[in-house]
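Subject: A structure for you to look at

Hi there,

Here is the structure I promised to pass on. Please have a look at it first, and then read my notes below.

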Amino acid sequence: MGYDDINFGYLREEYYVSSILNDQTGEKKMGIINLEDIQVDMVTASDIKERSGRVLLAEGSKISEKHLRVFRMWGITEADIKGIEKEELTANVASQLDQNLLREVEIQTCERFCHVDMEHPFIKELFRILLLRLVRRRSKGQIDD
Amino acid sequence: MIRKPEDLLKGLVQVSSLPVVYSKINEAVNNPQSSMKGISDIISDDPGLTSRLLQLVNSAFYSFPSRIETVSRALFIVGTQQLRDLALATSIMNLFKGIPEDLVNMESFWRHSVACGLAAKILATYRRCEMNVERFFAAGIIHDIGRLIIYKKIPDTAREMIIRCKTNRELLYSVEKEVIGFDHSDLGRVLVQFWNLPPSLEEVVAYHHSPGEAIRYPIETAVVHIADIIAHAMQFGNSGEQYIPSMDEKAWELIGIPISVLSPTLDQLEREVKDVVQSLFGTHDYAEEITKKKISV
């Protein structure tokens, strides 16, 4: 994975991306993933409902392009998908990125997060999205805003 | 000797000069007998405000399919209370000038405030039960207003505090409290009271770093608290704070939306911030257009 030998301890004990890249043994994680990560032919693990409770797509259905369009229209932002874990998706995406750049950006970003609880799900997600965006932007040669 | 927030407000021209036009609009909006035309006339009498409002309603803030050319149309489409709140946001942005550039770049300050306002608006929209999301935008715009008073009145102390935060990795609002005795949210609260702005804004400004203390408007305060964290994390401008401020865990629970909205929220925020900032500081001159129209009539 390429992260085993890196010691980030001087800043913070656990890093989100590095910790999930190393975490291959954890118990069964949630299969709820963001809409942007859902692809055609994935299968739902539970009913997808809009806010008032109406079922838009039943459990066990194969997702089509049309379903994705409907989800966007109804403001659906996540779905429970069979056989997929969010951490796995992030690890896949992260492993395809430039590891040196990822490490560099992670250290810089962590510095700004030093007063918040990195274990809080909201902060975890914010950090994850931000990190992946920054690395993608940097690797494309774009300067931070 | 500075003992309380009020001491710092003394002698500030900006404090006494919240445009009269805002209170006139507010009065008209709250008066059940006033007409749309009446409200529209009050706004149209101020070409600067008219121009800024039209820029804003024609920006990515709403992304309307066609252009809104007049205040009366904006009032019909956006709503009277909503347009009043936008008027407040843009009026306040025009107030503070003459702050030393090395302390804070004003565009950067307002970019942070606009980003916070827009993030608050987007989060409020996801709640699906807010009728007036524009007030969240206005609240976001003014949440750090107290900081401008610190920069204006005690620039040397402000400079020392900013350097200390950079050196010791501290949060500016905690250092403010320690050094001055109160922080920018206490100052902002006094200013909001002085201007006679709605109590919801007062509570948001006062408790945006400690949303648990908000009693009457906990949701509004929690939304702006989270929006502030998002704006800092995304590094849209800067109000002086180097680090992402601490988060009250209960605030996120209180808003009651799933974590998965964060990704589309950030996408939308990136799109809107650039355009709205440009619309508020941009070059397209509606004021000139309106003057021309008036002359030709």
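Where is the place of Arg169(B)? Arg169(B) sits in the loop between helix H11 (155–168) and helix H12 (172–180) of chain B; helices here are DSSP runs of H or I with at least four residues, strands are runs of E with at least two, and both are numbered from the N terminus.

Before going on, a word on the source: this is a predicted model, in which local features need pLDDT of at least 70, side-chain atom pairs count only at pLDDT 80 or more, and totals for chains, interfaces and linings use all residues. Residues are numbered from 1 along each chain as its sequence is written, while chains are lettered from A and ligands numbered from 1 in the order in which they are written.

Most residues other than glycine have a negative phi. Arg169(B), not a glycine, has a positive phi of about 55°. Asn196(B) also has a positive phi, near 65°, and belongs to the loop between helix H13 (184–194) and helix H14 (199–207) of chain B. Arg169(B) is exposed because it has 11 other C-beta atoms within 10 Å, and Asn196(B) is exposed with 11 C-beta neighbours inside 10 Å. (Exposed means 12 or fewer other C-beta atoms within 10 Å, buried means 20 or more, and partly exposed is in between; C-beta atoms are placed from the backbone.)

Next, the meeting of the two chains. In all, 22 residues of chain B are in contact with 22 residues of chain A, where contact means that C-beta atoms, placed from the backbone, lie within 7 Å. On the chain B side, helix H15 (218–233), helix H16 (249–255) and helix H17 (262–281) each supply at least two residues, and H17(B) gives the most, with four. That side of chain B divides into 15 nonpolar, four polar and three charged residues. (Nonpolar covers Ala, Val, Leu, Ile, Met, Phe, Trp, Tyr, Cys and Pro; charged covers Asp, Glu, Lys and Arg; the others, Gly among them, are polar.)

One residue to look up is Ser246(B), in the loop between H15 and H16 of chain B. Leaving aside residues up to four places away in sequence, Ser246(B) touches His115(A), Val116(A) and Leu171(B). Ser246(B) counts as partly exposed because it has 16 C-beta neighbours inside 10 Å.

Finally, chain A has five helices and four strands, in the order α-β-β-β-α-β-α-α-α along the sequence. Of its 145 residues, 24% count as buried.

Best wishes

Definitions and conventions: Two residues are in contact if their C-beta atoms, placed from the backbone, lie within 7 Å.
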